[in-house]
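Please keep the sequence and the model in view while reading.

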Amino acid sequence: MSKPVPMSTSNTDYDLQNIRKPEPFKLGEFLYNSKEGTVMGRDRASWAKIGIFYMAFYGVLAALVAICMWAFFQTLDPRIPKWTLDGSIIGTSPGLGFRPLPPVDNVESTLIWYKGTQHENYKHWTDSLDKFLDVYKTPGLTPGRGQNIYNCDYNQPPPRGQVCDVDIKLWSPCTKENNYSYHKSSPCIFLKLNKIYDWIPEYYNSSKNLPSNMPENLKTYIAEIEQKEAHKLNTIWVSCEGENPADQENIGPVNYLPVRGFPGYFYPYHNSEGYLSPLVAVHFQRPKRGIIINIECKAWARNIIHDRKERLGSVHYELLID
């Protein structure tokens, strides 16, 4: 049996000795190699080619996005929403809001709390109302408002393209000059119905067949309007009352200015230039001091749903006057 012949290692040793060791990475040389004239491993020609490629690629991409956006905006109207009423997320039952609101650092609160004898104490509330009502006092703050204002009435709705005027003088004593009556511990709260495009209210314009849960004083008010000023029955009525029996005793007399509701000639809302929502100033004339009064205000029309959880048709807030 022959013995194995040992392999020669002379060639292997020679090859290993001639392998070139990798040079250590040099960041400065990578960023700019003066010998080869490259920047980050690419020469001028390479950078020019890749630059032209990406400019063309992103240019075409931007053009495609621009064409898609242009085509999309052609389907939209700046004043008419694409989805309205039942087809929209908002739906067909407007919510009710109130002003003034508590400070932003307590945004979840609905408590209006102040001392009537201290100006600095109720200053937040009056300043908040000043800011909210600025657009009603200064027509120039609302784009397009001024030339198209129309003096509306129940028998005189606005022509197409014009909007109804909101006479702030009719809110007295709920005016800036009177501190909205906060200094007299008889504050004014302003109510506003949310806007829904093309929504037409179905009025309670008869004293018959009124809902059973409507406050009795509002039913009496509607009956009086029906007898004396029947042309004003096309109104979205408003009521504010204490939520509990104790609140109803402590709330005191309530006055609504200029009328007890939102006049029907402001509707339907068509997003016309200069349009301002009608407001109702609720004047609490003699609320009991030193106790929290829970108040719920509701808007009344046949097609307004009252849902406190979904904030539809009603609004809740508390009033505390020290």
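A residue is called buried when its relative accessible area is under 20%, and exposed when that value is over 50%. The structure discussed here is a predicted model.

**Disulfides**

A pair of cysteine sulfur atoms within 2.5 Å is taken as a disulfide. By this rule the model contains 3 disulfides. When the bonded cysteines are numbered in sequence order, they pair as 1-2, 3-4 and 5-6. The table sets out the sulfur separation for each pair.

| Pair | Sulfur–sulfur distance |
|---|---|
| C152 and C164 | 2.1 Å |
| C174 and C188 | 2.0 Å |
| C240 and C297 | 2.0 Å |

The link of C152 and C164 is left-handed, with -95 degrees about the S-S bond.

The disulfide of C174 and C188 has a torsion of about -70 degrees about the S-S bond, so it is left-handed. Here C174 lies in the loop between β4 and β5 (188–193) and C188 in strand β5; the pair therefore ties together parts that are 14 residues apart in sequence. A relative accessible area of 1% makes C174 buried. C188 is buried as well, with a value of 0%.

The link of C240 and C297 is right-handed, with 115 degrees about the S-S bond. This pair links distant parts of the chain: C240 is in strand β6 (residues 235–242) and C297 in strand β10 (residues 293–300), 57 residues apart. Both C240 and C297 are buried.

Another cysteine, C68, is exposed, with a relative accessible area of 55%.

In soluble globular proteins, nonpolar side chains tend to be buried together. In this model the largest nonpolar core has 55 residues, and the members that touch the most others are F190, L191 and Y317. Helix α4 (residues 119–137) supplies the largest share of this core, 6 residues.

Which residues is F190 in contact with, once its neighbours within four places in sequence are left aside? The contacts of F190 are G97, F98, R99, L129, F132, L133, W171, C174, Y180, L279, V280 and A281. One of these residues, C174, is the cysteine that forms a disulfide with C188.

A second, separate core has 9 residues, including Y204, L210, M214 and I222.

**A buried serine**

S185 is placed in the loop between β4 and β5, where C174 is also found. Is S185 buried or exposed? S185 has a relative accessible area of 6%, so this serine is buried. Not counting residues up to four places away in sequence, S185 touches Y114, G116, P287, R289 and I321.

Key:
Residues numbered from 1 in each chain as written. Predicted model: local features only at pLDDT ≥ 70, side-chain atom pairs only at ≥ 80, totals over all residues. Heavy atoms only, no water. Helix = DSSP H or I, 4+ residues; strand = E, 2+ residues; numbered from the N terminus. Buried < 20%, exposed > 50% of the residue type's maximum accessible area, 1.4 Å probe, protein only. Core = buried A, V, L, I, M, F, W, Y, C linked by side-chain atoms within 4.5 Å. Contact = heavy atoms within 4.5 Å.
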